[in-house]
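Visitor: Could you put the entry on screen? I would like to go through it by question and answer.

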Protein chains: 2
Amino acid sequence: MSLLVIGTVAFDAIETPFGKTDKIVGGAATFISLAASYFKKEINLVSVVGDDFPKEAIEMLGARGINTQGLQIKAGEKTFFWSGKYHNDMNTRDTLDTQLNVLETFDPVIPDAYQNCEFLMLGNLAPAIQQTVLNRLKNRPKLVVLDTMNFWMNVALPELLALLKNIDVLTINDEEARQLSGEYSLVKAAQKILAMGPKFLIIKKGEHGALLFNDKQVFFAPALPLEDVFDPTGAGDSFAGGFIGYLAETQDISFDNMKRAIIFGSAMASFSVEKFGTERIQALSEEEVDERVQQFIDLVQFDISLI
Amino acid sequence: MSLLVIGTVAFDAIETPFGKTDKIVGGAATFISLAASYFKKEINLVSVVGDDFPKEAIEMLGARGINTQGLQIKAGEKTFFWSGKYHNDMNTRDTLDTQLNVLETFDPVIPDAYQNCEFLMLGNLAPAIQQTVLNRLKNRPKLVVLDTMNFWMNVALPELLALLKNIDVLTINDEEARQLSGEYSLVKAAQKILAMGPKFLIIKKGEHGALLFNDKQVFFAPALPLEDVFDPTGAGDSFAGGFIGYLAETQDISFDNMKRAIIFGSAMASFSVEKFGTERIQALSEEEVDERVQQFIDLVQFDISLI
């Protein structure tokens, strides 16, 4: 009944209008696992770091109930590093530096204890590596969620298209949905992308919320209007983590439960952007999470009775 | 108990990626009145046209229950004309031509039969003209809603700021909220703008929905994800018309009822963009409006019970 998360565990160096960090801990799988840990107790992580990665960070994950047995530590090698600078609108950013390091030769090994996972989150990585994880699972999980990005559409489209046939939920942003489908209208884009394989599509629109589509229904979740977005890094991964963590805990993959999961995911994303890196989502209380979800309910709830 | 609407009645010529029109009937007050007419039966219009304006269009307004006694028809003069071209994303447009014509000397006369209106919609016009309408009403309406735009912030800011102290609800778009407040964050922008006078602020975000603020609460209404946005002209005015029409009919200006009004306004905006000009909102059935509102309910409704 466990949740398996694969993705990067990394160092980030981030510059925003609010400040600048040295190397801090980041990575898709880090944000996903941390966000999921508020809902799901048994989380298994598969990733790779170098021996420059701090033990304290691994212990921090462990303290949140995240099993790091599948986190390979490569002696004499360096952890994946990304550095970026956000523009004033916080919606666009420049990548200043990318050092693949251990990612260049990453071979995702699935520990035996991780087999029979029911929920699989394939965080952003090369589609070939994401496919390898699927191939190495003895049983097909109940739900496979895939996150990807425009970079892979540019350099590995055939592999990505093949992978789309094997997953259940795809999460991408609005520009990526337009690129993948060739349609500007997100409604038309969604129809085309669902025809490529996924049963559900989540289109993330950043500060403008998120849309969930299946072939018949559409659901919209807003983003919380915030006074300041301090650091958007990891918001999409925190969203995905809250989403799959809630689904894995409730074991219900109906459209109605996915709506709830998206609200919990949106709540985790709204926390994530309040501080640099994972700082905010490392140590939330249950009360804080509940209060935040209540804010989402208050934000969109209205009462119209049609005759 | 009537609703008074002031604004332009105009000719538009529109070019979108879907096609091009000759001169068609448009104008803020036209869209506002038509949209409001689906909710409120007694609507009084104040505006001005030249004698080139077609009688059929005035009759069409009358057929929707809109009183055109306050529509001045200037002999030997021409109706206000605007021409614009939308870019491929439909969110930005170029103005190709603006001919003020009768608007240059517009002096809004309020017929006696229009006095004692309880709801006043000040559609986009020079702030000085909007203020004149307020001055000429013997009694202050129960609710005054003001729409304006960036153009007036550029050329008539002192008049606009003075007017803001005399109204209840301001509707502007996100870029205008940022310009008026000097704040990028819409939450901060809203706080600053509410301090300028309005008790309620609606920030329209086009395809990204709308936010309603008072000093303590915030509500978010999505836009309906549409396959095609055919012509965005008048969407904001249709929104405002549905909003104030619903409020005027229900006579309830609580925050909770404004939430409902925004959903009805959003529904009218979603119709408006489906065809050129006012075509779609001239002849909707009650069933169509109800079905559309139900789509909004289905779009955002979720059920989370926090313990």
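This is a predicted model: local features need pLDDT of at least 70, side-chain atom pairs count only at pLDDT 80 or more; totals for chains, interfaces and linings use all residues.

**Chain A: strands and sheet**

Visitor: How many residues of β12(A) are buried?

Guide: A residue is buried if 20 or more other C-beta atoms, placed from the backbone, lie within 10 Å of its own, exposed if 12 or fewer, and partly exposed in between. In a regular strand the side chains alternate between the two faces of the sheet. In β12(A) both faces are covered, with A:Phe200, A:Ile202 and A:Lys204 buried on one side and A:Leu201 and A:Ile203 on the other. The buried count for β12(A) is five of five.

Visitor: How many residues lie between β12(A) and β13(A) in their hairpin?

Guide: β12(A) and β13 (residues 210-213) of chain A run antiparallel and are joined by four bridges. Within that pairing, A:Lys204 has A:Ala210 as its bridge partner in β13(A). A:Gly206, in the turn, has a positive phi of about 60°. The number of residues between the two strands of the hairpin is five.

Visitor: Which strands of chain A stand at the edges of the sheet?

Guide: Helices (H or I, at least four residues) and strands (E, at least two) are DSSP runs, numbered from the N terminus. Nine strands make an open sheet with mixed pairing, in the order β6-β5-β1-β9-β10-β11-β12-β13-β14 (chain A). Two of these have a single partner strand each, so one side of each is left without a neighbour in the sheet. The edge strands are β6 (66-74) and β14 (218-221) of chain A.

Visitor: At about what angle does helix α1 of chain A run to β1(A)?

Guide: Axes are lines fitted to C-alpha atoms, for helices over the stretch in contact, and angles run from 0 to 180 degrees between N-to-C directions. β1 (residues 3-6) of chain A pairs in the parallel sense with β9 (residues 119-122) of chain A over four bridges. Helix α1 (residues 28-36) lies across β1, β5 (43-50), β6, β9 and β10 (143-147) of chain A. Its angle to β1(A) is about 155°.

Visitor: Is A:Phe243 buried or exposed?

Guide: A:Phe243 is found in helix α8 (residues 235-250) of chain A. Leaving aside neighbours within four places in sequence, A:Phe243 is in contact (C-beta atoms, placed from the backbone, within 7 Å) with A:Ala261, A:Ile262, A:Phe264 and A:Gly265. With 31 C-beta neighbours inside 10 Å, A:Phe243 counts as buried.

**Chain B and the two copies**

Visitor: What arc do the buried residues of helix α6(B) cover?

Guide: In helix α6 (residues 174-181) of chain B the buried residues are B:Glu176, B:Ala177, B:Leu180 and B:Ser181. They lie on the same side of α6(B) because their arc, taken from the directions from the helix axis to the C-beta atoms, is only 120°. These residues pack against α4 (150-155), β11 (169-173), α7 and β12 (200-204) of chain B.

Visitor: Which element gives the most to the side of chain B that touches chain A?

Guide: 29 residues of chain B are in contact with 29 residues of chain A. α7 (186-194), β14 (218-221), α9 (255-272) and α11 (286-300) of chain B each supply at least two residues of this side of chain B. The element that gives the most, with six residues, is α11(B).

Visitor: In chain B, which residue has the C-alpha nearest the axis?

Guide: A rotation of 180° with 0.0 Å of shift along its axis superposes chain B on chain A (RMSD 0.0 Å), by least squares on the C-alpha atoms of residues with pLDDT of at least 70 in both. The two copies are thus related as by a two-fold rotation axis. In chain B, the C-alpha nearest the axis, 3.0 Å from it, is that of B:His208.

Key: Residues are numbered from 1 along each chain as its sequence is written. Chains are lettered from A and ligands numbered from 1 in the order in which they are written. Two residues are in contact if their C-beta atoms, placed from the backbone, lie within 7 Å. Two strands pair if DSSP finds at least two bridges between them.
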